[in-house]
Number of protein chains: 2
Amino acid sequence: MSGIASETMAEHFADRLMAAIAERNSRVCVGIDPVPERLPSVLHPPEGRWTERSISEAFEEFCSRILRAVAEHAVVAKFNSAFFEALSPLGVGLLDSLISTAADLGLLTILDAKRSDIGSTAAAYARAVFGRYPADQGAVPDAVTVNPYLGSDGVMPFLTEADDLGAGTFVLVKTSNPSSAELQDLDAGGWPVYRHVAELVKSWAEDRVGESGYSSVGAVIGATHPRQLAELREAMPQCPLLVPGYGAQGGAAADVAAAFDADGLGAIVNSSRGIIYAHAQERYEKRFGPDDFDRAAAAAAEEMRRAINDAIDV
Amino acid sequence: MSGIASETMAEHFADRLMAAIAERNSRVCVGIDPVPERLPSVLHPPEGRWTERSISEAFEEFCSRILRAVAEHAVVAKFNSAFFEALSPLGVGLLDSLISTAADLGLLTILDAKRSDIGSTAAAYARAVFGRYPADQGAVPDAVTVNPYLGSDGVMPFLTEADDLGAGTFVLVKTSNPSSAELQDLDAGGWPVYRHVAELVKSWAEDRVGESGYSSVGAVIGATHPRQLAELREAMPQCPLLVPGYGAQGGAAADVAAAFDADGLGAIVNSSRGIIYAHAQERYEKRFGPDDFDRAAAAAAEEMRRAINDAIDV
């Protein structure tokens with residue numbers, strides 16, 4: 001997919017993100033996390049035996065139909081690398097192709113890879129995300145997620161590569177999972193660890209602020225922690241927030257309201273399983289047939305869009 | 001590479017690792033981190049223009065010759081996923097094939113992927129590492145590295161998958177890079193954050209101790225922090241230590257001595273660039289021709305083996 005970057009990513013990441021939120025009046029990020037067992041039965045292989053090829057084909061149909069269906073209700077598609085790596089090497093090509101599909105549908109894309117390593121290796125990861133060997137191989141996402149445990153030199157190579165492309169980076173600050181407190185909430189001199197991480201992220205963000213007032217360096221903060229979300233929104237006023245954990249993980253619209261600024265900008269809220277597997281939820285199962293998993297996903301995305309907009313009164 | 005697991009990995013990871021260290025009297029882990037620019041000139045393409053195919057072929061020749069040359073001096077080959085992801089999708093197949101080559105040469109293998117995510121996604125990553133869809137696709141490494149920032153539920157899926165295979169997991173505790181202190185050294189109630197992480201790792205390790213007295217759950221601690229290495233060796237007596245940062249990053253044999261127990265067991269020390277790019281170092285450049293990069297790597301590995309053994313007096 002060489003050329004995607006230069007064609008569509010000249011503008012500053014945060015400016016593109018905030019413009020898309022305003023234009024579509026949506027703050028929904030759809031997480032594309034396919035697993036064979038949870039695909040709708042119409043996509044299962046005839047004999048029930050999965051092969052690498054049949055999984056790849058089923059993932060492709062599932063994900064591309066979901067993307068087309070949710071495109072008008074969402075602003076961002078977030079692809080979790082894990083689910084495609086589990087199907088490598090076919091998964092790599094599929095991920096590239098789906099990132100392109102999402103971009104063609106007008107969605108911004110995030111590669112949720114949560115990468116981290118020492119500087120020289122982080123540079124190789126940044127290369128893997130934003131344009132592979134020999135040059136500009138692979139689809140280029142609009143942003144990537146990284147893990148901060150190694151500190152600045154593990155994050156900088158991502159920021160530098162992203163800068164060149166007008167892309168963005170979301171750093172894990174306070175994650176949505178139940179055991180996030182074990183490390184992230186340790187009290188270090190009156191501040192939890194995640195608050196120290198937020199200060200680092202803030203410092204990386206300051207040099208990278210676009211016309212929207214937001215930086216290309218953002219933060220990941222779970223919807224499952226509404227109090228911390230409010231605290232961190234205030235602590236990092238220039239950082240776009242990627243808020244996962246809505247829906248299946250328990251976050252509700254009221255919980256994420258604090259992520260947004262007074263104009264309803266500054267954040268996107270992710271739901272993965274709650275949208276892409278909506279077809280298996282009782283409330284949608286009744287309304288849609290087994291082949292209408294994409295319409296169920298669209299309904300769930302639209303419902304989420306409205307619930308968040310209602311909660312922040314935009 | 002279906003079947004590798006069942007054929008060679010029945011025994012407990014730590015027992016296999018300690019037996020290999022004792023048998024070969026080596027504590028050397030060779031890091032396989034190929035980048036096109038640093039390959040010996042004899043492997044560069046004729047016109048100097050890299051293509052995806054020519055990089056893949058050059059990586060394959062470079063890495064497999066290095067593996068064959070260092071196999072008698074080292075115990076473990078550590079493959080850093082980043083450098084192969086930067087060449088995806090060809091990199092995925094190459095990584096699989098090199099893990100198999102290393103295993104055939106009698107080396108244990110570590111996939112240095114530093115993965116982390118919430119539980120359901122960590123399970124997909126564990127799947128990607130230890131046997132892909134539909135079942136047992138891809139080469140299975142003996143161990144994987146993971147990042148602890150998300151806490152227990154981000155790590156558990158790796159431990160569970162590893163348990164089933166007799167494989168191991170190394171958790172980042174105190175990394176070798178210059179900015180590791182930013183988060184890892186924050187003082188949290190009298191202990192630095194990395195020490196709290198060590199306690200978590202210790203608790204995960206306790207249920208997984210083999211006959212050697214070591215657990216299948218280990219820790220990554222940089223050679224660049226000799227004081228912390230001694231502190232953590234004592235704090236986590238059952239954890240095998242993976243000690244990166246030797247050589248190019250500045251760690252010396254005396255710095256890593258504290259990683260070992262009284263029998264000279266319990267740890268492996270990694271050097272990547274210092275071994276695989278030895279051909280470009282002045283001291284080896286004089287002794288070996290430009291095509292003898294593998295012999296230069298073998299000489300560097302053997303020198304490292306002896307320097308460490310001298311430092312711990314075994």
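L108(A) counts as buried because 24 C-beta neighbours lie inside 10 Å; a residue is termed buried if 20 or more other C-beta atoms lie within 10 Å of its own, exposed if 12 or fewer, and partly exposed in between, with C-beta atoms placed from the backbone. This is a predicted model, in which local features need pLDDT of at least 70, side-chain atom pairs count only at pLDDT 80 or more, and totals for chains, interfaces and linings use all residues. Residues are numbered from 1 along each chain as its sequence is written, while chains are lettered from A and ligands numbered from 1 in the order in which they are written.

L108(A) belongs to strand β3 of chain A, residues 108-115. Helices (H or I, at least four residues) and strands (E, at least two) are DSSP runs, numbered from the N terminus. Apart from neighbours within four places in sequence, L108(A) is in contact with R16(A), L17(A), A20(A), V75(A), V76(A) and D142(A); contact requires that the C-beta atoms of two residues, placed from the backbone, lie within 7 Å. R283(A) is 175 residues from L108(A) in sequence, and their C-alpha atoms are 29 Å apart in space.

## Chain A as a whole

Chain A contains 14 helices and ten strands. Its radius of gyration is 19 Å, close to the 20 Å given by the globule rule for 314 residues, so chain A is as compact as a globular protein of that length. The radius of gyration is taken over C-alpha atoms, and the globule rule is 2.2 Å times the number of residues to the power 0.38.

The C-alpha trace of chain A spans about 60 × 45 × 40 Å along its principal axes. Of its 314 residues, 63% count as buried. Among the contacts in chain A with a separation of 6 or more, 74% come from residues 24 or more positions apart.

## Local features of the backbone

N25(A) is not a glycine, yet it has a positive phi of about 50 degrees. N25(A) lies in the loop between α2 (13-24) and β1 (28-32) of chain A, and counts as exposed, with 12 C-beta neighbours inside 10 Å. D313(A), also not a glycine, has a positive phi of about 60 degrees. D313(A) is found in the segment after α14 (293-312) of chain A and counts as exposed, with 8 C-beta neighbours inside 10 Å.

## Helix α3 of chain A

E57(A) is found in helix α3 of chain A, residues 52-70. With 15 other C-beta atoms within 10 Å, E57(A) is partly exposed. L94(A) is 37 residues from E57(A) along the chain, and the C-alpha atoms of the two are separated by 9.0 Å.

## Packing of α6 and α7 in chain B

Two packed helices are described by the angle between their axes and the distance between the axes. For α6(B) and α7(B), the angle is about 35 degrees and the axes are 7 Å apart. Axes are lines fitted to C-alpha atoms, for helices over the stretch in contact, and angles run from 0 to 180 degrees between N-to-C directions. The crossing of α6(B) and α7(B) is right-handed; a crossing is right-handed if the near helix is turned clockwise from the far one by less than a right angle, and left-handed if anticlockwise.

On the α6(B) side, G119(B), A122(B), A123(B), A126(B) and F130(B) take part, meeting residues of α7(B) that include M156(B), P157(B), F158(B) and L165(B). By class, this contact has nine nonpolar, two polar and two charged residues. Ala, Val, Leu, Ile, Met, Phe, Trp, Tyr, Cys and Pro count as nonpolar, Asp, Glu, Lys and Arg as charged, and the others, Gly among them, as polar.

## The interface and its symmetry

Chain B places 58 residues in contact with 58 residues of chain A. Elements of chain B that give two or more residues to this side include α3 (52-70), α6 (119-130), α7 (152-165) and α9 (193-206). The most is given by α6(B), with six residues. By class, the side of chain B that touches chain A has 28 nonpolar, 20 polar and ten charged residues.

Chain B is superposed on chain A by a rotation of 180 degrees with 0.0 Å of shift along its axis (RMSD 0.0 Å). The two copies are thus related as by a two-fold rotation axis. Copies are superposed by least squares on the C-alpha atoms of residues with pLDDT of at least 70 in both. In chain B, the C-alpha nearest the axis belongs to A188(B), at 2.0 Å. The same surface serves both copies, as 100% of the contact residues of chain B recur in chain A.
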